Amino acid sequence: TILAVIGAAPVLLAGCVSGTKPVEAPAYQETPVTIDAADHYIPGVLTMPAGKGPFPVVVMLHGYGSNKDEAGGGYKLFAPQLAGNGIASVRIDFLGCGESTADHAGFDLNVGVAEALKAAAWLAARPEIDAERVGVMGWSKGGAIALLAAGSDARFKSVLTWAGAPDLSGVYTAEGFAAARRNGVYTATFDWRGPLAMSLHAFEVAAAANVLTEFSVSPAPVLAINGGADTVVPPATAERIRAASQNAASRALIIPGADHTFNIFSGDLSVFNALCEETAAWFRETL
């Protein structure tokens with residue numbers, strides 16, 4: 001069952017009973033792609049629905065230390081579901097992540113935004129894509145970059161965040177900033193991947209950014225989805241994102257019991273499936 005509160009209050013999604021297997025989608029086609037960003041190349045995967053198009057499209061942006069397929073393969077699971085709803089997508093590796101051969105020390109928020117815009121422009125030039133129906137979504141830090149991208153370019157007609165993190169202090173930490181000041185670079189370590197070099201400039205860009213203020217100029221509606229049990233990004237962040245939007249159609253949605261990765265590692269995909277269904281419905285409605 002879904003309990004929806006209309007207006008400024010967040011929407012609560014409860015009683016997710018959509019099963020433990022990913023929702024099956026009709027036929028689709030996935031193609032590895034490489035997008036020219038002038039000084040480097042952006043690896044990605046283009047997922048196209050069956051048929052001729054032109055199709056609306058979503059640019060999918062991953063989170064901190066992740067890659068284009070995302071935590072637990074979440075984006076890889078979701079892209080075919082978008083295609084089943086007649087929506088194309090491209091999921092990309094940010095500079096220095098995934099299959100990117102560039103040095104992550106060259107990455108900062110501005111680079112992430114520029115890569116999102118490059119991907120959108122690359123998509124818009126394709127005849128099977130409807131250039132007037134381009135959306136953007138991001139998970140965690142990728143959500144912050146999606147908001148910044150929407151604030152910088154009105155080509156994005158719809159925005160969505162999964163556990164979007166406009167407060168980036170958990171990524172660009174005070175300790176990391178101090179180390180970068182001393183050494184010119186800070187090396188972040190992870191349990192699930194190799195270390196990432198983060199430059200002093202990246203910390204300075206993050207410190208200067210005001211994600212919600214920069215997003216607030218976007219005319220696009222946003223759906224901000226957060227997990228009620230997220231200990232990384234506070235659930236109340238969803239409402240902060242919605243409140244920053246100038247579009248009256250924007251919404252906040254909280255999924256009770258969902259953690260930062262929407263329980264994708266739990267062995268039960270019912271919460272993640274519900275997340276995907278809400279996300280696909282949003283882009284059907286707004287693109």
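**Figure 1. Alanine 38 in a loop between two strands.** Alanine 38 sits in the loop that joins β3 (28-36) and β4; strands here are DSSP runs of E with at least two residues and helices are runs of H or I with at least four residues, numbered from the N terminus. The model is predicted, so local features need pLDDT of at least 70 and side-chain atom pairs count only at pLDDT 80 or more, while totals for chains, interfaces and linings use all residues. Residues are numbered from 1 along each chain as its sequence is written, and side-chain values use heavy atoms, with hydrogens and water left out. Phi of alanine 38 is near 75°, which is positive although the residue is not glycine. Its relative accessibility of 70% makes alanine 38 exposed (exposed is over 50% relative accessible area, buried under 20%, partly exposed in between, with a 1.4 Å probe and protein chains only).

Figure 2. Glutamate 70 belongs to the loop between β5 and α1 (74-84). Phi is near 70° here, again a positive value in a residue other than glycine.

Figure 3. Proline 54 is part of the loop between β4 (41-49) and β5 (55-61). The bond from glycine 53 to proline 54 is cis, and its omega is near 5°. Glutamate 128, in the loop between α2 and β7 (129-139), touches Met48, Lys52, Gly53, Pro54 and Phe55, with residues up to four places away in sequence not counted (contact means heavy atoms within 4.5 Å). Glutamate 128 and lysine 52 are 76 residues apart in sequence, yet their C-alpha atoms are 6.6 Å apart.

**Figure 4. Two of the 13 aromatic pairs in the structure.** Rings of Phe, Tyr and Trp (its six-membered ring) pair if their centres lie within 6.5 Å; planes under 30 degrees apart are stacked, over 60 edge-to-face, and the rest tilted. Phenylalanine 94 and phenylalanine 107 form a tilted pair, 5.4 Å centre to centre with 50° between the planes. Both lie in the loop between β6 (88-92) and α2 (109-124), so the pair ties together parts that are 13 residues apart in sequence. Phenylalanine 94 and phenylalanine 107 are both buried. Tryptophan 162 and phenylalanine 272 form an edge-to-face pair, with 5.7 Å between centres and 80° between planes. This pair links strand β8 (residues 156-162), which holds tryptophan 162, to helix α8 (residues 270-286), which holds phenylalanine 272, 110 residues apart.

**Figure 5. Glycine 184 between a helix and a strand.** Glycine 184 is in the loop between α4 (174-183) and β9 (185-188). With a relative accessible area of 37%, glycine 184 is partly exposed. Beyond its neighbours within four places in sequence, glycine 184 is in contact with Ala179, Ser199 and Leu200. Alanine 105 is 79 residues away from glycine 184 in sequence and 9.9 Å away in space, C-alpha to C-alpha.
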